[in-house]
Amino acid sequence: MRDADDAPDPVDARLATRLAGLRAERGWSLSELAERSGVSRSTLSRAERAETSPTASVLNRLCAVYGRTMSRLLSEVEAEPAPVVRAAEQPLWEDRSAGFVRRSVSPPHAGLRAELVEGRLAAGADIAYDRPPVPGLEQHIWVLEGALRVTAQDVEHHIGTGDCLRTRVWGPTRFRCAGPDDVRYVLAVVLP
């Protein structure tokens, strides 16, 4: 047990918050969770207040009740993402044959549902995707410069400078540079 002046370990504090959140999502009392998991109410209470670090055995029992692997639970409490992603740290990827440059402005993180991507398509570039990485993926496409044609759900949308297309992706999509000049856009991706 810690002294009253000792702050909890940051991982234990995030784990405590997540465990309390999982119980609250289900509307269970500590007594109900104790019955379901076989872990004492006092141990659960101390773990949810970060007064103690749960043992592997306790976590295993809680993971079974919440239908999670321990790896998944622990990934949900990874360190918080850096609040600022410097331009020099933003991963850049280029597909020269397709005329496409992708900058991950706000890269994905286990603790976040959204990411931001800057896309650049060269004049005449045409990229087709046969399926989304995650069905129902939410996308917001904001054109900063140029014109873009996006086909989603078999509907083609023409979006010009300043326009924004909002869609959920369930099937194939296609991105085409619609003008004589390159197009630069921001793609906000939100997991369902």
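At what angle do the axes of helix α2 and helix α4 cross, and within what distance do they come?

The model is predicted, with local features needing pLDDT of at least 70 and side-chain atom pairs counting only at pLDDT 80 or more, while totals for chains, interfaces and linings use all residues. Residues are numbered from 1 along each chain as its sequence is written, and side-chain values use heavy atoms, with hydrogens and water left out.

**View 1. Helix α2 against helix α4.** The axes of α2 (residues 30–37) and α4 (residues 56–66) come within 9 Å and cross at roughly 100°, which makes α2 roughly perpendicular to α4 (a term for angles of 65 to 115 degrees). Axes are lines fitted to C-alpha atoms, for helices over the stretch in contact, and angles run from 0 to 180 degrees between N-to-C directions; helices (H or I, at least four residues) and strands (E, at least two) are DSSP runs, numbered from the N terminus. From α2, Leu-33, Arg-36 and Ser-37 make the contact, and they meet Arg-61, Leu-62, Val-65 and Tyr-66 of α4 (contact means heavy atoms within 4.5 Å). Sorted by class, this contact has four nonpolar, one polar and two charged residues, where Ala, Val, Leu, Ile, Met, Phe, Trp, Tyr, Cys and Pro count as nonpolar, Asp, Glu, Lys and Arg as charged, and the others, Gly among them, as polar.

**View 2. An open sheet of four strands.** The strands follow the order β4-β9-β6-β7 with antiparallel pairing (two strands pair if DSSP finds at least two bridges between them). At the edges, β4 (126–129) and β7 (155–160) each pair on one side only, and the twist from one strand to the next averages 15°.

**View 3. Strand β6 and its two partners, β9 and β7.** Five bridges join β6 and β9 in the antiparallel sense, with Val-150 partnered by Phe-175 and Ala-152 by Thr-173. Toward β7, which also runs antiparallel to β6, there are six bridges, and here Ala-152 stands opposite Val-155. The hairpin of β6 and β7 has two residues between the strands, and Gln-153 in the turn has a positive phi of about 55°. Five of the six residues of β6 are buried (buried means under 20% relative accessible area, exposed over 50%, partly exposed in between, with a 1.4 Å probe and protein chains only).

View 4. Leaving aside residues up to four places away in sequence, Ile-141 touches residues including Leu-148, Val-150, Phe-175 and Tyr-185.

**View 5. Glu-115 in strand β3.** Glu-115 counts as buried because its relative accessibility is 16%. Not counting residues up to four places away in sequence, Glu-115 touches Arg-102, Ser-104, Ser-106, Pro-107, Pro-108, Leu-187, Ala-188 and Val-189.

Terms used: Angles under 35 degrees count as roughly parallel, over 145 as roughly antiparallel, 65 to 115 as roughly perpendicular and the rest as oblique.
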